[in-house]
Amino acid sequence: MIVTIGREHGSNGHLIARALAEKTGYACFDKEIVDTAAENSNFSKEILHSYDEKRVSPYIVPVPHYLGLNESFRLNMQVASAQFDAIRSLAEQDNCIF
């Protein structure tokens with residue numbers, strides 16, 4: 001079983017997820033998603049952390065002068081894909097909470 005907890009800043013979602021994991025015996029993943037994505041991709045933890053839990057759009061993110069709009073969008077999609085792959089990999093292992 002996979003449980004996901006959506007949250008807003010200040011809602012204590014992290015604490016709720018950890019408490020639920022303790023009660024159910026499920027694995028709980030939060031920042032571990034970034035670590036797993038870094039281990040299984042060509043991205044460093046620093047790059048992945050810079051994108052973690054941030055809404056990213058090529059239309060509102062300042063693009064460095066050396067990156068074109070398409071390059072910035074491609075990077076956003078590659079980072080998201082690495083994170084999705086990490087979530088799938090972790091979810092396949094056991095019951096878990098994200």
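The structure is a predicted model, in which local features need pLDDT of at least 70, side-chain atom pairs count only at pLDDT 80 or more, and totals for chains, interfaces and linings use all residues. Residues are numbered from 1 along each chain as its sequence is written, and side-chain values use heavy atoms, with hydrogens and water left out.

- Helices here are DSSP runs of H or I of at least four residues, and strands are E runs of at least two, numbered from the N terminus.

**Residue Q83**
- Q83 is found in helix α4 (residues 69-93) and is buried, at 15% relative accessible area (buried is under 20%, exposed over 50%, partly exposed in between; 1.4 Å probe, protein chains only).
- Leaving aside residues up to four places away in sequence, Q83 touches I33, V34, A37, L48 and D52 (contact means heavy atoms within 4.5 Å).

**Salt bridges**
- The whole structure holds four salt bridges (a side-chain nitrogen of Lys or Arg within 4 Å of a carboxyl oxygen of Asp or Glu).
- One of them joins D30 and R7, with the closest N and O atoms 3.5 Å apart; D30 is buried, whereas R7 is partly exposed.
- Another pairs R88 with D85 at 2.7 Å between the closest N and O atoms.
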